[in-house]
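Here is a short report on a structure. Keep the sequence and the 3D view open as you read.

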Amino acid sequence: MSRRLLVAVCALIYFFLMLPLLVVFPISLSSAPYMQFPPPGFSWQWYERYLDDPQWIDATWRSLYIGGATAVLALLLGVPLAFSLVRARFRGRALLDRLALAPIIVPTIILSVAIYGLFAKLKLIGTWYGLVVAHTVLALPFVVLVIAAGLRDFDRSLEQAAEGLGASRWKTLMRITLPLLRPSLVSAGLLAFISSFDEVVVALFLAGANMTLPKKMFDNIMMEIDPTIAAVSVMQILLVSVVLVLIGRFGRGLRDSAR
Amino acid sequence: MTARGFWPALPALILLLVFFLFPVVRMLGFSVEAGTLDWYAKALGEGLYLRVFWNTFEIALLVTLVCLLLGYPLGYLMATTTPGWATFGFICVLLPLWTSVLVRTYAWMVLLGRNGVLNRTLMESGLTTDPLPLLHNFTGVLIGMVHVLLPYMVLPIYGAVRRVDPAIPAAAAGLGASSARIFWRIYLPLTLNGIFAGSVLVFVLSLGFFITPALLGGGRVMMIAVLIEQQVRETLNWPFAAALSAVLLVFTFAVYALAQRFTQPEATR
């Protein structure tokens, strides 16, 4: 009886969570010249407008390669960091652990303003690599959390066996440790990519005239609510769905890292 | 492994020092550049700005409370249902979590506006005659923020409920305890850690929220992050923005440190 009530309440909460994602689909296919619900008819016009506008396409490409570069850099820095934090014992390890996770806790607005101040001085505003560096700072905690969780569950006897059979440390790392960690690596890389691809606050300050997709969306929302954004939103939701499916298929389950 | 194991962390440490710690400390330094604490006196002394801090605190508290009320049933259901339904639950929680905040904020504007989907539906069904003011006010910000932050509450609670040994509630039920009693006497005390972790995370993240109040508040709901952005971009008052940032940062860390003191370290880790 009370279980049925619980299920009913949760159904409403699921609806609340999914409603904003679902509502953009019909709007993106509307034939009305402005936001209207329910849509009076069907048309692809907002998708066409997105595809025909070089500004939107440029912004999309820029966000894609900035996200890709962020994922690569965050993995290159974050994986060794996670190894040190989980496996090594050195003075200041607890401090380093806190520093690595601090970008989650420190409000993004503070980080954005601070990096904006520094980059303005270094003339890095509007450069794509400046944005990659800033996004890597934000993505690093995700990489560390996911990889560290993977390492904690790692069966080290496999490494010991490899080394006992004469493999060098390097060879053990490349042939045993990293392949076994692949699910965690996939999840960490995809999460780093998405965190950069979606990121807007840092981009508002650092992107300058070179818009990323979220910054272009922000500017459009501020100026006019035009259903082109609905079309962009639908594509963004589909991309996230694909990434989540990839994580579910090839990555370490998000469920395990949720703890 | 000993100190040797530190070296792999060095490149990441350099990144964090140069592009995280240094810029933040440098920026906070602007607030005392003049050698006085005048900017702090302004931030904490003038009623206008004190109100913004108070507003932020109030909103964060309310968002945390609503997230807890919605997040507990959801986390509990997901942890105690069949694997198939649990997966469905994870999709409903994780898909919004990783969808851009902008997409969701835009969607709420479409839903909550005067001519939005909700007001249309309500008026056409005859439940209301005039559009309800849902956007560009406190209600809109609250709805938008709860939507963004709810997953951060659900996941720790889900984890905590999962760790409860199912034999305990089963034994209680076998001994005749009602489901309400099982909840109050078994689940609630055993999942306090998860409730606490989720609440602290949601509260701390709320304090620094920018996009949602900026877009859904329509300039009428002032939170501290919005004020900082205005000081930097519109008035170019860096020292004052730095002082506001310092206050926000100290408050955030204080909440976090206080929370850690009260959390028992989990035996499993």
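## The nonpolar core

The largest nonpolar core has 162 residues. A nonpolar core is a set of buried Ala, Val, Leu, Ile, Met, Phe, Trp, Tyr and Cys residues joined through C-beta atoms within 7 Å. Buried means that 20 or more other C-beta atoms lie within 10 Å of a residue's own; 12 or fewer makes it exposed, and in between it is partly exposed, with C-beta atoms placed from the backbone. V113(A), V143(A), A192(A), L206(A) and L149(B) touch the most other members.

Take V113(A). Skipping residues up to four places away in sequence, V113(A) touches F205(A), M27(B), I228(B), V232(B), A241(B) and S245(B). Touching, or being in contact, means that the C-beta atoms, placed from the backbone, lie within 7 Å.

Residues are numbered from 1 along each chain as its sequence is written, while chains are lettered from A and ligands numbered from 1 in the order in which they are written.

pLDDT is the predictor's confidence in each residue, from 0 to 100. Chain A averages 89, and 97% of its residues score at least 70. Confidence is lowest in α13(A), with a mean of 50, and highest in α3(A), at 95. Where pLDDT is low, the predicted coordinates should not be read in detail.

## Chain A

Chain A has 13 helices and zero strands. These are DSSP runs numbered from the N terminus: helices are H or I with at least four residues, strands E with at least two. Of the 259 residues of chain A, 44% count as buried.

A59(A) lies in helix α3 of chain A. Is A59(A) buried or exposed? A59(A) is buried, because 22 other C-beta atoms lie within 10 Å. P214(A) is 155 residues away from A59(A) in sequence, but 8.3 Å away in space, C-alpha to C-alpha.

## Where the chains meet

In all, 69 residues of chain A are in contact with 65 residues of chain B. α1(A) gives the most to this side of chain A, with 15 residues.

## A helix in chain B

Helix α5 of chain B covers residues 101–112. Is α5(B) enclosed or open? 12 of its 12 residues are buried, so α5(B) is largely enclosed by the rest of the structure. Among them are R104(B) and W108(B).

Conventions: Predicted model: local features only at pLDDT ≥ 70, side-chain atom pairs only at ≥ 80, totals over all residues. Contact = placed C-beta atoms within 7 Å. Expected span 1.5 Å × (residues − 1).
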